[in-house]
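Hello,

Here is the structure I promised to pass on. Please open it alongside this note, and my findings follow below.

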Amino acid sequence: AVLMIGSSFCYYYVEEMVGLAAAAGIPMRVCNVYYSGCPLYKHVNHLQNDLPEYSLYVSSSNTPDKVPTITKSVTMKYGIEYDDWDIIIMQGGVFEIAKSSKYTDGNIQIIQDYVNQHKTNPDAIFAWNSPWAPPTDNDLRDKYPYADNSYYTSYEAYNHDRTTMYNAITQCLEDHIVTDDSFVYLIPSCTAMENALSSYWEEKDIHRDYVHASDLARVMISYTWYCTLAGIDHLDEIKLDAIPVAFFKSTKGTEDRVLTDMEKAIILESVNNA
């Protein structure tokens with residue numbers, strides 16, 4: 001059972017994670033305590049004031065069509081106590097993850113202490129997921145409503161260069177997460193995305209707007225999560241040839257499709273190298 005404390009960078013992978021586990025014969029329940037675009041300090045404010053600001057997305061191997069059930073207006077405590085979670089995943093906001101100060105200001109510890117206080121499984125462990133550097137393509141920026149202000153200006157510190165921001169992200173991970181024994185797993189979503197981008201795909205292939213991953217990239221990130229949490233060191237094949245319709249339900253006009261051999265090869269290489 002896996003709990004994600006996050007944002008849309010988490011809930012996109014609830015369905016596909018369950019499908020991957022089911023294909024491997026592993027029963028899995030995955031839950032996301034979701035608040036859109038939530039940075040760490042907002043999580044802290046929500047938990048300190050016990051605010052019902054979250055939606056709870058729950059999916060399991062027994063969920064019909066793998067479509068998550070959704071409970072709205074819940075507290076973080078509700079999500080923590082919802083099940084006896086084995087793994088609890090945390091992550092920072094899009095423009096927090098490249099700033100060292102956001103790892104050392106105490107908010108990560110506050111969230112962990114709160115989880116430890118309310119978790120029902122004393123053996124539950126923490127994992128950290130690292131989102132990726134946003135694209136710099138202007139067309140993609142235009143597809144996200146906040147791109148012209150907060151998101152665009154937040155990229156100025158990195159000279160509007162994706163590689164510069166990615167390097168800052170990985171440096172923060174090395175300095176603050178890899179060295180933190182409270183995190184048992186580090187999910188390298190950011191590196192999987194960079195691997196695909198640097199070798200094969202363009203930004204428009206792996207992003208659907210200025211923040212979120214494209215359908216193809218969502219499959220790739222789901223495999224990255226699955227391999228990390230299942231302890232799989234090397235992925236030999238993409239087992240789900242047909243991407244379930246339910247996985248694309250949030251993308252209007254998207255039809256069921258089959259991954260091409262080239263797409264499978266890119267996903268395999270990007271995930272394994274990550």
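What is the volume of the second largest pocket? It is about 220 Å³. Bear in mind that this is a predicted model.

The lining of that pocket comes from several places. Strand S7 (183-187), H12 and H13 are the elements that each give two or more residues to the second largest pocket. H12 gives the largest share, three residues. Among the lining residues are Tyr 185, Leu 186, Thr 224, Cys 227, Thr 228, Val 271 and Asn 272. Pro 188, Gly 231, Ile 232, Asp 233 and Ala 274 also line the second largest pocket. By class, its lining has seven nonpolar, four polar and one charged residues.

Now the two helices. H12 covers residues 215-230 and H13 covers residues 261-273. They pack at an angle of about 40°, with axes 10 Å apart. H12 and H13 are therefore oblique to each other. The crossing of H12 past H13 is right-handed. On the H12 side, Leu 216, Val 219, Met 220, Tyr 223, Thr 224 and Cys 227 make the contact. H13 brings Glu 263, Ile 267, Ser 270 and Val 271. By class, the contact has seven nonpolar, two polar and one charged residues. Thr 224, Cys 227 and Val 271 belong to this contact and also line the second largest pocket.

Last, the largest pocket. Its volume is about 280 Å³. It is lined by 13 residues, and Gly 37, Pro 39, Tyr 41, Gly 93 and Glu 96 are the closest to its centre. The lining of the largest pocket has six nonpolar, three polar and four charged residues.

Best wishes

Technical notes: Residues are numbered from 1 along each chain as its sequence is written. This is a predicted model: local features need pLDDT of at least 70, side-chain atom pairs count only at pLDDT 80 or more; totals for chains, interfaces and linings use all residues. Side-chain values use heavy atoms; hydrogens and water are left out. Axes are lines fitted to C-alpha atoms, for helices over the stretch in contact, and angles run from 0 to 180 degrees between N-to-C directions. Helices (H or I, at least four residues) and strands (E, at least two) are DSSP runs, numbered from the N terminus. Angles under 35 degrees count as roughly parallel, over 145 as roughly antiparallel, 65 to 115 as roughly perpendicular and the rest as oblique. A crossing is left-handed if the near helix is turned anticlockwise from the far one by less than a right angle, and right-handed if clockwise. Contact means heavy atoms within 4.5 Å. Ala, Val, Leu, Ile, Met, Phe, Trp, Tyr, Cys and Pro count as nonpolar, Asp, Glu, Lys and Arg as charged, and the others, Gly among them, as polar. On a 1 Å grid over the protein atoms alone, a cavity is a set of points where a 1.4 Å probe fits but cannot get out, and a pocket is an open set with protein on both sides within 12 Å along at least five of seven lines; lining residues have an atom within 4 Å of a point. Grid points are joined across faces, edges and corners, and a volume is the space filled by probe spheres set on the points.
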